[in-house]
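I opened a structure today and kept notes on what I looked up. The entries follow in the order in which I made them.

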Amino acid sequence: MTKSGLIEKVAEKTPHISKKDTEVVVNTIFDAMTDALRRGERIEIRGFGSFQVKVREARDGRNPKTGEMVNIPAKRTPFFKVGKELKEMVDGAPPSAASKEELSA
Amino acid sequence: MTKAEIVEQIYERVGFSKKESADLVEKVFDIIKDTLRDGEKVKISGFGNFVVREKNARKGRNPQTGEEIVLEARRVLTFKPSLVLKNLLNEGSAGDAFDDDSDDEADDE
């Protein structure tokens, strides 16, 4: 499913809202999340998961074709950690409270 | 940022009531979750792709006791951030100088 597919589905479930507005809502959600990550902020969506920006340190690498040493600068990368509820949904396990001791995200 | 703050943004930027905004945000994440539960990937251009992957069973070890255990085959969710998002996080530094593969591939399914 793509973003437009998602917009379509949301529109189906909310017949009282125009599709145009549905599109704005979906875009606003991901824009807001992108903005938060740009600020370096952690995002936590209950039942879904959390997003966090981690810094990969600069390191020396090698161009695999030429063998030449290159400096790879530090960079920020977004990470997603799946939440407990979604993790169990995806795995097909019944959502039980005590089966997995892992912290929910 | 939490779901409540995303709801706030919808309320401010789009102008729906708080209740309506909360309901919409809830629906969006529910639809994404249901799609992933069905094993289908969700591709949000400009943000990233959520993909369900099959993991084969393998032998592992309890790191505390050293005991050998069998990890059952399972399905896990992975997130691959879009190149657009990765570059946005590195604006001002050399973040766009990196080679990356096609995570922003065509949007059609």
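**Ground rules.** I am reading a predicted model, where local features need pLDDT of at least 70 and side-chain atom pairs count only at pLDDT 80 or more, while totals for chains, interfaces and linings use all residues. Residues are numbered from 1 along each chain as its sequence is written, chains are lettered from A and ligands numbered from 1 in the order in which they are written, and side-chain values use heavy atoms, with hydrogens and water left out.

**Chain A.** I looked up the secondary structure and found three helices and five strands. Helices (H or I, at least four residues) and strands (E, at least two) are DSSP runs, numbered from the N terminus. In chain A the order from the N terminus is α-α-β-β-β-β-β-α. Chain A has 105 residues, and 39% of them count as buried. Buried means under 20% relative accessible area, exposed over 50%, and partly exposed in between (1.4 Å probe, protein chains only). I noted an accessible surface of about 6,200 Å² for chain A, with 50% of it on carbon and sulfur atoms. Accessible areas come from the Shrake-Rupley method with a 1.4 Å probe; for residues, only the protein chains shown count as cover.

**Chain B.** Here I also found three helices and five strands, and the pattern along the sequence reads α-α-β-β-β-β-β-α. Of its 109 residues, 34% count as buried. The accessible surface of chain B is about 6,400 Å², and carbon and sulfur atoms hold 45% of that.

**Domains of chain B.** I found chain B divided into domain 1 (1-40) and domain 2 (42-109); such bounds come from an automatic or database domain assignment. Six residues of domain 1 of chain B touch six residues of domain 2 of chain B, where contact means heavy atoms within 4.5 Å. B:Ile32, B:Leu36 and B:Glu40 supply 72% of the area that domain 1 of chain B buries against domain 2 of chain B, more than any other three residues.

**Between the chains.** How much area do chain A and chain B bury between them? I read about 4,600 Å², 73% of it on carbon and sulfur atoms. Buried area is the accessible area (1.4 Å probe) that two parts lose on being put together, summed over both. On the chain A side, A:Met1, A:Phe48 and A:Val90 lose the most area to chain B, together 15% of what that side buries. In contact terms, 49 residues of chain A meet 48 residues of chain B.

**Helix α1 of chain A.** In α1 (residues 3-13), I listed A:Lys3, A:Leu6, A:Ile7, A:Val10 and A:Ala11 as buried. Seen down the axis of α1(A), these fall within an arc of 135°, so they line one face of the helix. The arc is that of the directions from the helix axis to the C-beta atoms. Their cover includes α2 (19-38) of chain A, together with α2 (18-37) and β1 (42-44) of chain B.

**Helix α3 of chain A.** The buried residues of α3 (residues 84-91) are A:Lys84, A:Leu86, A:Glu88, A:Met89 and A:Val90. After α3(A) comes A:Gly92, with a positive phi near 80°.

**B:Asn90.** I found B:Asn90 in the segment after α3 (83-89) of chain B. Why does B:Asn90 count as buried? Because its relative accessibility is 3%.
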